[in-house]
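I opened this notebook to record what I looked up, entry by entry, beginning with a pair of helices and ending with the chains.

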4 protein chains.
Amino acid sequence: MNIPEHMLNLYDYEKASQNTLPPSANDYYRSGSMDEYTLADNMTAFQRIKFLPRVLNDVSNVITTTNLGGKTISSPLIISPTALLGMAHPEGELAVARAASAANNIMICSTMANTPIEDVTASNDSSTWFQLYVYKDKEATLTLIERAKNAGCKAIVITVDAPFLGQRERDVRNQFQLPEHLHMSNLHALGHSKLPDKVGHSGLAHYFEELINKSLTWRDISWLKQHADLPIYLKGILHPKDAQLAIEHGVDGIIVSNHGGRQLDGSIASINALPAISKAVNKQIPIILDGGIRRGSDILKALALGAQCVGIGRPVIWGLSHSGQHGVENILNILQSELKLAMALAGCANISEISADLIAEL
Amino acid sequence: MNIPEHMLNLYDYEKASQNTLPPSANDYYRSGSMDEYTLADNMTAFQRIKFLPRVLNDVSNVITTTNLGGKTISSPLIISPTALLGMAHPEGELAVARAASAANNIMICSTMANTPIEDVTASNDSSTWFQLYVYKDKEATLTLIERAKNAGCKAIVITVDAPFLGQRERDVRNQFQLPEHLHMSNLHALGHSKLPDKVGHSGLAHYFEELINKSLTWRDISWLKQHADLPIYLKGILHPKDAQLAIEHGVDGIIVSNHGGRQLDGSIASINALPAISKAVNKQIPIILDGGIRRGSDILKALALGAQCVGIGRPVIWGLSHSGQHGVENILNILQSELKLAMALAGCANISEISADLIAEL
Amino acid sequence: MNIPEHMLNLYDYEKASQNTLPPSANDYYRSGSMDEYTLADNMTAFQRIKFLPRVLNDVSNVITTTNLGGKTISSPLIISPTALLGMAHPEGELAVARAASAANNIMICSTMANTPIEDVTASNDSSTWFQLYVYKDKEATLTLIERAKNAGCKAIVITVDAPFLGQRERDVRNQFQLPEHLHMSNLHALGHSKLPDKVGHSGLAHYFEELINKSLTWRDISWLKQHADLPIYLKGILHPKDAQLAIEHGVDGIIVSNHGGRQLDGSIASINALPAISKAVNKQIPIILDGGIRRGSDILKALALGAQCVGIGRPVIWGLSHSGQHGVENILNILQSELKLAMALAGCANISEISADLIAEL
Amino acid sequence: MNIPEHMLNLYDYEKASQNTLPPSANDYYRSGSMDEYTLADNMTAFQRIKFLPRVLNDVSNVITTTNLGGKTISSPLIISPTALLGMAHPEGELAVARAASAANNIMICSTMANTPIEDVTASNDSSTWFQLYVYKDKEATLTLIERAKNAGCKAIVITVDAPFLGQRERDVRNQFQLPEHLHMSNLHALGHSKLPDKVGHSGLAHYFEELINKSLTWRDISWLKQHADLPIYLKGILHPKDAQLAIEHGVDGIIVSNHGGRQLDGSIASINALPAISKAVNKQIPIILDGGIRRGSDILKALALGAQCVGIGRPVIWGLSHSGQHGVENILNILQSELKLAMALAGCANISEISADLIAEL
């Protein structure tokens, strides 16, 4: 049989990506921490969740648009921050920003992008949010926020699950380094744009250990919110008590995430953390979920269990490494098409018709 | 060891069928949608259910006959609708109709049969039901109903889980098409008897998208019931609330089904959906279950959990592709024999002695 | 490494047996019915049960003797009935009877033995029970009981889970037959000592279908008890309601068994059926459990969950086929040693110190 | 790709150890008893436990020091007793003692060490505890205690789960023997320093059967405590009732352990036994847990579920066999680093901030 090579689903892109990325970059992107149990569980947890679809609802016009932070987006699917996209494609973050723009969607750009935030926002007519790693150096942190705001970013996403970098053993064995020609451009003026060399283990882990603030507390969140004068999202919430604390500290939204299984190995799958958090939040602020989204039906499951929206990380990289902006657009289109079909087959004509009633109890 | 090739059980027919069907037809028949999780779960869910058999009941004369919709059938096992049987055997639906007739059983004939419904009913002295896909074109739909009624069909089975076709990736990769010599004969006069060609993906999915009614609601069910003047069954119910709505809308019976794992992937295994639906229906209308029936003991499990009867789809195709009418008869005979034996070994002399008491709690 | 071939555990005997038995006999002994799910589950169910062992009890003198039906046996482990032992070893049932005798233990001899019951009892100074298949022919049945009683059998074990033989597909494919030189000697005078030939499937299944009583009910149990004038045990109870009925009908004991996974496939693992039955029986009559015992720790689990004693079937055949009486003695010795060690390590000095308190809730 | 051979984690040391240890010693160290279900479950049980990490706590200075029995140790991780370390490395117990000393940690030295306890304590500036097997010979036992006390041991750890040795089938098949040049030096004067030869099975099992006290009861514990005049810990508690009895008998601490899966196979995984014991103990005495610790995150799980501290056994042997004292230090350092990182990523700055709140319910 001569099967033409379609790129039908995200797994097709994943396979292609494994074959084209340089080994060290591929390892960097796909790794989880330690034994990668959480990495695997992020996916298998979705498989254990079963639908009770509804029928005989008019689904002739399935609408996936939704509102996130005051903006209408084309589907409840945004781009989670991932660092160092220059390793995946020469156009790196720019290609992703343009793809997000084409899809009328939000890209959360990483502090550790290989492209300055100003260039990224300029490439995205839609909406860019800025992911912030808080540096020990307070001035550096404020400079980053200031630049993001001036560049037109619509929100700051503070990563709160990474005071240290999780131990990603592939990176340690590879003595992971940024390729010579790449910089973390947002950090150039601050003198932190390169990873330390010859540290005998992961250069990125060493960088984190040296520069990232490990004493960040809830008090600092209030302080950052004040200085940012932008909506603040916290990324990396898994405990319902932290979700409650986020609300008490005036945070504008949270991202339920285990950092793609790259921080504390053994952490709960993000989708399994969602129900308790959703109950604790009780619709007071939006919940975004990332980790393990590979199909439109995964998005439907996440929304049914209380997320307003999901984020994707690795799949964006697969699309990017395959065919740049076009590949990322394809990834977004595939997921949106799959979500649309899943909604139709579950009897939901729009996002507001999605509820926990669609999910079978185990 | 020289083991003779018996055709002992349905798996023997499945294996034979994989070897004889043209690859594209084989893929069409065996596929589930997307990652095929529901397809697999339909089967493994049965394996997780355990019997607590009874003993010392007189089982010298095990009777499997049962009543479905006023008709006495030889066993609680009918033929679920499957499209395009002409790909499996030259005699296609006719062979299946004759086999169902020989077994004094019901065949549900698909809208998308390769044989006109009139020829099918003429070949079945027993009972033919007509599976209806509701077209956007109201007249086309009414014409189909009218023809089915005039042909002598005893009931209309409206498929309610397929406003769109599930994404069956094998068909997409194969750019699935109907072989040149085959038509969907019931749709000839309506001009919808061929699948569109060269659409770059599944011709059947495209056909569905173009022609099938996506705005069907409960109101239409009442309207269809009125026009059909025949008992109406809904096929594709998985949610207990929809089972209740079916009763409220005067439906005559439901088929608990996830379309053989071919529509929304991630849907609950049909046998796992049954207990809640059975409770909601509370014996007010008959419940038929399909999805994953491979052994007579699966039928016994389904009946114990509240089904009046089960349907089989793929196994009919395996028998048909192996040896036409005779093969289908063998499939029905094997399942009936296995059911009889399972009933005897569980201490049930007839269908009414089967109850939930036979099933162990996990 | 030159590891000497010890026969340390039952698995060593199983492996040896697979290599020495004629294929058809091997298939006959090892088969379960249909897909062999219950066969497998009998074993894996034990693995899911976990001990909470006790410490600091004096275990310098672990005593495994127990009382069953008024007789003191060396350990809570008897020999379940298995048919046609002549296929495994020329001395067949005689070798097993002598091994049971040497171990001061009980052998339940099958109706379908290849040795007359009188010869079996003559070889066993300890205790022989007679397993009874109830024939349609009432006189034949009474003759069997009479002979068993006269031969000195101490109890009658009526198999109640086999009105028909379960479908053992290996036997069907092999067209299983008794070797020319073997007879079912207890049935010689009754003219039922050979299996029918050339039936195109399992000769034994055909024999059952022809001759075994399928209308046996609880009423017959009372009648049989009266005629036997011996303690009556029922073998093949899995449902707690049947255990209660057994007590109400004056039965002297029950064997919780799924016939080694050879009857209704999909039946609960026997050890999983035990807790509910144990609760229903509430120590009014002894409970024997068989199915899946492979280690002394399995015996300990069964006793902790309410059995007075366990039976073993296939392991006896493995020992027999390996080295006749000596092999069976080894099997009994291995299990008794393992039980003794398991009791000591669980802090139990004798059988009465074993309780459900040793088992962890899941 | 030329990946340098880092020794990153405990699995790297395990693999190295499999390749360098003599087969019989390797089998001795890695074996569990019987089918090794408990051995495997000790590890997989940890994988089933999931974290709900906390965020935004100041973790700039994670402190792993904790108090055990009045001593401050560098991390909640001590060295469980393992016998016969001379087979792993010429420096055996001395190397381990020095590594424990370097880490300011506690080594529990085995009765069956290949080095006299006086030499072990002399090599450890930190703290040595003495693991005691209670011999039938009361004088021998008292002599051992006396020597341990005089040598400066800070506590006596009585192993209570080994009245007999578990059946380790590899050792039986290997007819396990101590190499010619090694002795159990603590038992030299007592005439018990060599294993019996040519017993046809495990020499160690035979030794246990001959010499170890099987009638040890709670009364003896009080007697031993009196004579030892040292804190007494009991090793091998899995049942909450035994934990309560330990408190009632004035024991100073317990080690929740299934002896590395080497005693009663089928015993609960030690981490699964912990919650009920932790509840029963209610912080009255310290709980140490061993069995299956392979990552720093396992330590965090154990502490969250109620342990004060964990012990490691086999990993010490892997480090020892790889590179003597240095290898053991590496093992301790790796686990401490991993624990530190896990604590930071779970939002815990010190041991007292670890609680059951970090663990997700299943």
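**Helix pair in chain B**

In this predicted model I looked up helix H10 (residues 240-248) of chain B and helix H11 (residues 270-281) of chain B, whose axes come within 8 Å and cross at roughly 30°. Helices are DSSP runs of H or I with at least four residues, strands are E runs of at least two, and both are numbered from the N terminus; axes are lines fitted to C-alpha atoms, for helices over the stretch in contact, with angles from 0 to 180 degrees between N-to-C directions. That crossing makes H10(B) roughly parallel to H11(B), a term for angles under 35 degrees.

I noted that B:Pro240, B:Ala243, B:Gln244 and B:Ile247 in H10(B) meet B:Ala276, B:Ile277, B:Ala280 and B:Val281 in H11(B), where contact means heavy atoms within 4.5 Å.

**Chains**

I found that chain A and chain C do not touch, their nearest C-alpha atoms being 17 Å apart, and that no contact joins chain B and chain D, whose closest C-alpha atoms also lie 17 Å apart.

For chain A I recorded 13 helices and 10 strands. Its C-alpha trace spans about 60 × 60 × 40 Å along its principal axes.

**Conventions**

Residues are numbered from 1 along each chain as its sequence is written, and chains are lettered from A and ligands numbered from 1 in the order in which they are written. Local features need pLDDT of at least 70, side-chain atom pairs count only at pLDDT 80 or more, totals for chains, interfaces and linings use all residues, and side-chain values use heavy atoms, leaving out hydrogens and water.

How values were computed
Angles under 35 degrees count as roughly parallel, over 145 as roughly antiparallel, 65 to 115 as roughly perpendicular and the rest as oblique.
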